[in-house]
Amino acid sequence: MKTITRILLGLICVAIIFVILVNPVLKAFAGEGDDAWGEFLNPDGSINWANLTYLGEESKPADWMMIEIPGGIQVPLGEARYNRYITPSGNVLVLPSPATMFMTFLHPEDSGFADNPPEMLSSGSQILAALAANYIDVEDLQALGYVDPAEFFQAVIEGRENIWSVVSPNFLIEIVRMSFDAGFLVTGLWLYLSGENCDAIPGGCPPGFNLTPTPGGTPTPPPPVACPAPSIAFENVNASGEKVAPPKPVVIGQDPEKRGADVELLATIPPVILTWYEARTTNICEYAPGGNGGGCPGPGSEYNQVIDSDGNETGWSYFMENNSNWEASTETECIQHVEIFPDYLNYATLSINLSSESRNWILTDLAPAYPGADLKRPDWEFTFQGPGSVGGGSIVFWSQLIPDIQFADPGVYQMQVRGLTTGTLVSVPRPFALPLSEFTVDLLRVTLIEAP
Amino acid sequence: MEIYFSRQRVLIAVIAILVVAVATLVILKISGQSLAQAVGFDSGSGAALAGVETFYSVDYHDGQDVWAARLCALSTEPACNFYQNTVAPFLWPDFEASQTLVTTEANEAVMLAEEIASTRGNAPMQVWQVAVNLSTPWPQGDGQTSFPAYVLVVREESGWKFERFLLEEELAKYIGGKQ
C-alpha cells in the first residue's frame with residue numbers, strides 16, 4: 001500500500017473516532033459556552049482552527065513509552081509526540097499522538113500526567129475506550145462484568161484491570177500505525193490554562209508567551225496582544241472535464257463497435273496557507289535623559305538590551321534600579337510564520353446528465369419519427385477516490401480518464417463534478433461543486449432523397 | 001545399434017543446455033528476490049519461528065537497514081514500519097558499539113490461541129509460544145540466552161506473517177487464562 005493511501009486510511013480511521021466519540025463532547029462544550037473551550041470550538045462542535053495558532057510539534061524520548069520484549073529488552077513504542085496550539089487568550093492546546101495518548105493513560109504517574117492533569121473534554125477512560133473501540137472483545141468485557149467500556153478503562157487507569165484481557169493483540173501495532181499515519185488528528189484534546197506551571201505542559205510554555213511566573217522569580221506580565229490574529233487562506237478548488245474522444249461520438253445503438261465516448265476529469269486543489277504571528281518581546285532598559293524614568297528593577301537578566309546615554313549597548317548595573325535616569329520598557333515584535341498544507345482529494349463524483357432540451361427532443365420530436373424512442377440512460381455518475389499527488393506550489397493534482405462510456409441517448413450532455421478534500425491539520429475538508437463543459441452525442445438520421 | 005552425432009548437433013545441444021541453465025539461474029534469482037521482499041509462510045508456526053530467529057539474529061557488519069529489511073520481508077506491513085522506523089534506530093547504536101554477533105535458534109513452537117483481526121478484514125491471527133536460544137546475550141538484554149517468546153502472527157493474502165512479541169501483561173490471557 002502506498003504511503004499516502006495509508007495516511008488517508010489513518011485519517012479516515014481517526015476521523016471516524018472523532019466523529020463518533022469526540023465530536024459530540026466538543027459540541028456539548030461549545031453549546032455550554034465554556035469560555036476556555038468556546039474560544040476555539042464552533043457551535044456545531046467542530047474546531048475553529050483559525051482561532052488557534054500552531055506552535056509546532058514537540059517530540060522527546062520517554063521511558064514510559066517503552067515496552068519490554070522477551071529477553072528483558074526494552075524497546076520504545078515511539079517518542080512522546082505532541083502538536084501544540086495556543087488559543088487567543090493564551091491557553092495551550094495539546095494534541096498528543098494516539099500512541100502517546102495511549103501510553104500516557106497506561107502510565108499516568110510515570111508520564112507526569114497525573115501530577116499536572118490538563119483540562120479535558122473526555123475522561124482518560126473515555127479516550128482509551130475511543131482509541132480501542134474497534135479492538136475490544138465485547139464478550140470478554142461482559143465476562144469481566146463490564147457493560148460500558150469506559151468503566152473498564154477507568155479500572156485499567158486505576159490499575160484494577162489488565163487492558164490486554166479484552167483488547168485484540170493487534171491493537172498495539174495498530175496504534176503505532178495510527179500515530180505514524182494519522183499524525184495528530186483529534187482523538188483527545190488537552191487544554192493547559194494560562195497560568196499553569198510551564199513544566200506541566202508537554203514541550204513547556206511556548207516562547208514569547210510567558211504564560212506563567214517562574215517559581216521564585218519576578219512575575220512577568222503577559223505581553224500586550226499586538227500581533228495580528230492567525231489567518232487561513234486558500235484558493236478555490238478547480239476542476240475541468242471534457243469529452244476527449246472520439247471527435248463525434250454516436251449513440252451505441254447505431255455504432256456496431258459500441259465505441260461510446262471518453263471523458264477526462266482533472267481537479268487541482270490549492271494548498272491551505274496558515275499565517276500566524278509569534279509575539280517576540282524585547283525587554284529594554286534605556287537611559288532617560290530628562291531624569292524622569294522609573295528605573296530598571298533587577299534582575300539584569302530580564303533585559304535583552306541595556307542602552308546607555310550614547311545609544312550604545314551596555315550591561316545592567318544595580319545603580320539603574322530606582323534611578324530616574326533609567327527607564328524600562330518592552331517592545332513586541334511580531335514574527336510572521338507562513339505554513340503551507342497540501343489538501344488532498346478525498347473523493348470526486350462526476351455527473352453526466354442529458355440536458356432537459358435533449359430529453360424533450362427525444363420524447364416529443366424523435367418519438368413520432370422513431371416509434372418506441374425513449375430515454376434509455378440519460379444520467380451517469382462516476383465516483384472516484386483521491387488522493388492525487390502534490391505538484392509545484394503544494395498544489396494537489398488529480399486526474400481520471402473514463403473510457404468508452406456507453407451513451408445510448410442522443411443529445412447534449414452536461415457535466416458537473418462535486419467532491420470533498422481531505423482537509424488538513426489546520427482546516428476542515430472542503431466541499432466543491434463545479435460545472436464542466438458540455439458535449440454532444442449524435443444520432444445518425446436517415447433521410448430519403450429522391451434520386452435525380 | 002550405433003548412434004552418430006554430427007559435430008554441429010553436439011554444438012547446438014551444448015549451447016541449448018547452457019541457455020537453459022542460464023535462464024534457470026536468472027529465474028531462480030528473480031523469484032528469490034521477490035520471495036525475499038514478501039514472504040508469507042504456509043503455517044503460523046513457520047512465521048513465528050522465522051520472525052523470532054530473524055529478530056534476534058544480529059551481525060553488526062550487516063547494519064541496521066539490512067537487519068530491518070530481513071525482518072520486514074517476513075512481517076506484516078505495520079509491524080515492518082514499527083521495526084524499521086522505531087525499533088531498529090533505537091537498538092542498532094548499541095549493536096554497533098558492542099560489535100554484536102548473535103545467532104539464534106527458535107524451536108518448540110506451541111500454539112496458544114487463534115483469534116480474528118476484525119480491523120484487518122477478519123484476518124486470522126495466532127499466538128505462538130517459541131523457545132529461543134541465543135548464541136550470546138543481546139547487549140540491551142538481561143543476560144539470558146534461553147527464554148520463551150510469545151509471538152503474534154497474522155495471515156495475509158500471501159500467507160502467515162510475523163507481527164510482534166506479546167508483552168508480559170498480555171500473557172495472562174493466553175497462559176492459564178482464556179484461550
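The model is a predicted one, so please read every value below as computed from it.

Let's start where the chains meet. Chain A brings 27 residues to the contact and chain B brings 38. On the side of chain A that touches chain B, the elements giving two or more residues are strand E2 (66-69), strand E3 (73-76) and helix H7 (171-182) of chain A. The most comes from H7(A), which gives six residues. Sorted by class, the residues on this side of chain A are 14 nonpolar, nine polar and four charged.

Two packed helices are described by the angle between their axes and the distance between the axes. For helix H3 (residues 64-72) and helix H4 (residues 77-97) of chain B, the axes come within 10 Å and cross at roughly 150 degrees. Because angles over 145 degrees count as roughly antiparallel, H3(B) is roughly antiparallel to H4(B). Their crossing is right-handed. From H3(B), the residues that take part are B:Gln64, B:Trp67, B:Ala68, B:Leu71 and B:Cys72, and they meet B:Cys80, B:Tyr83, B:Gln84, B:Ala88, B:Pro89 and B:Trp92 of H4(B). By class, the contact of these helices has nine nonpolar residues, two polar ones and no charged ones.

Strands of a sheet pair through backbone hydrogen bonds, either parallel or antiparallel. Here four strands form an open sheet in the order E3-E4-E5-E6 (chain B), with antiparallel pairing. Strand E3 (104-117) and strand E6 (159-165) of chain B are the edge strands, each pairing on one side only. From one strand to the next, the twist averages 30 degrees. Six bridges link strand E5 (residues 146-156) of chain B to E6(B) in the antiparallel sense, and B:Val153 has B:Phe162 in E6(B) as its bridge partner. Helix H2 (residues 44-56) of chain B packs on this sheet and touches E3, strand E4 (123-134), E5 and E6 of chain B. The direction of H2(B) makes about 130 degrees with that of E3(B).

Finally, return to chain A for another sheet. This open sheet has four strands in the order E9-E10-E17-E16 (chain A), and the pairing is antiparallel. Strand E9 (238-245) and strand E16 (389-390) of chain A each have a single partner strand, so one side of each is left without a neighbour in the sheet. E16(A) runs antiparallel to strand E17 (residues 396-405) of chain A, and two bridges join them. A:Ser389 has A:Phe397 in E17(A) as its bridge partner.

Conventions:
Residues numbered from 1 in each chain as written. Chains lettered and ligands numbered in written order. Predicted model: local features only at pLDDT ≥ 70, side-chain atom pairs only at ≥ 80, totals over all residues. Contact = placed C-beta atoms within 7 Å. Nonpolar A, V, L, I, M, F, W, Y, C, P; charged D, E, K, R; others polar. Axes fitted to C-alpha atoms, helices over the stretch in contact; angles between N-to-C directions. Parallel < 35°, antiparallel > 145°, perpendicular 65-115°, else oblique. Left-handed = near helix turned anticlockwise from the far one by under 90°. Pairing = 2+ DSSP bridges.
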